[in-house]
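The sequence and structure come first.

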Amino acid sequence: MPRFLNSFIISACVLGTLLLAGCTSNGVRVPKLPAKSYQPQNVYSLEYIPATMIRVAVLPSYHPEEDPALLQNFDSTINSELSKVQIFELIPIDRAYLKKHFGTSQINSTSNLPASLLARIVRDYQAQGVLFTDVTEYHPYKPIRVGLRSKLVDLRDGELIWVFDDVFDSAQPNVSAAARRYSRQVFTDRFPLDSADSMLQSPQRFSRYVFHEAFETMPSR
């Protein structure tokens with residue numbers, strides 16, 4: 001058999017093996033993900049964001065353990081993921097502002113709010129809405145678990161526009177599949193290898209997925 005034909009047959013066999021194995025172009029096997037993925041259950045939402053809600057004040061995250069580094073990470077992730085929704089102008093409120101005017105650096109959305117909080121935000125920031133975000137549960141060790149409660153409130157009348165409340169447990173197959181799918185979409189360029197394992201081992205990356213999943217349920221314009 002001519003040498004060039006023999007080489008062609010070998011190359012064809014290798015290519016067929018790679019395709020059957022589900023490999024990427026760099027020869028790394030990328031396992032398939034389950035078709036069934038996470039579906040949000042505990043969500044309340046109006047059909048549309050009110051046309052009058054243009055500017056939304058984003059309060060710092062709340063977590064019972066006031067770890068500055070952890071809270072800063074939550075805050076930056078909230079603003080980063082929320083900016084991708086692009087349905088209103090974001091006005092981040094820093095913790096120093098809350099501490100100065102209300103004596104606390106974080107506010108739990110289920111507790112009694114400071115009497116002048118909403119009125120002051122309207123006056124100081126000309127906002128029409130305010131977003132509360134509570135990290136209700138945080139277990140950074142494998143299996144990672146993050147609980148999130150978030151509320152969007154109309155500052156004109158106090159009406160709830162959107163509420164999300166759920167716990168994301170990476171040990172659950174549907175949550176795991178959704179997080180890995182998100183990882184492949186977001187980290188493809190930076191990490192050519194399959195990043196599913198790192199997503200389920202990194203509390204920072206998993207938290208990013210959690211906030212993304214929650215904010216995707218907000219109503220549209």
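## Basis and terms

Two strands are said to pair if DSSP finds at least two bridges between them; strands (E, at least two residues) and helices (H or I, at least four) are DSSP runs, numbered from the N terminus. This is a predicted model, in which local features need pLDDT of at least 70 and side-chain atom pairs count only at pLDDT 80 or more, while totals for chains, interfaces and linings use all residues. Residues are numbered from 1 along each chain as its sequence is written, and side-chain values use heavy atoms, with hydrogens and water left out.

## The sheet

Six strands form an open sheet with mixed pairing, in the order β1-β6-β5-β4-β2-β3. Its edge strands, β1 (43–45) and β3 (89–92), each pair on one side only, and the twist averages 20° from one strand to the next.

Strands β5 (residues 145–154) and β6 (residues 160–169) pair in the antiparallel sense over nine bridges, and Leu152 stands opposite Trp162 in β6.

## The helix across the sheet

Helix α2 (residues 68–83) lies across β2 (55–58), β3 and β4 (129–139), and runs at about 130° to β4; axes are lines fitted to C-alpha atoms, for helices over the stretch in contact (heavy atoms within 4.5 Å), and angles run from 0 to 180 degrees between N-to-C directions.

## Ser170

Ser170 lies in the loop between β6 and α5 (173–186). With a relative accessible area of 9%, Ser170 is buried (under 20% relative accessible area, 1.4 Å probe, protein chains only). A polar atom of the Ser170 side chain lies 2.9 Å from the backbone nitrogen of Ile144. Leaving aside neighbours within four places in sequence, Ser170 is in contact with Pro143, Ile144, Val175, Ser176, Leu200 and Phe206.

Conventions:
Buried means under 20% relative accessible area, exposed over 50%, partly exposed in between (1.4 Å probe, protein chains only). A polar contact is a pair of N or O atoms within 3.5 Å; within protein, one must be able to donate a hydrogen and the other to accept it, and residues adjacent in sequence count only if both atoms are side-chain atoms.
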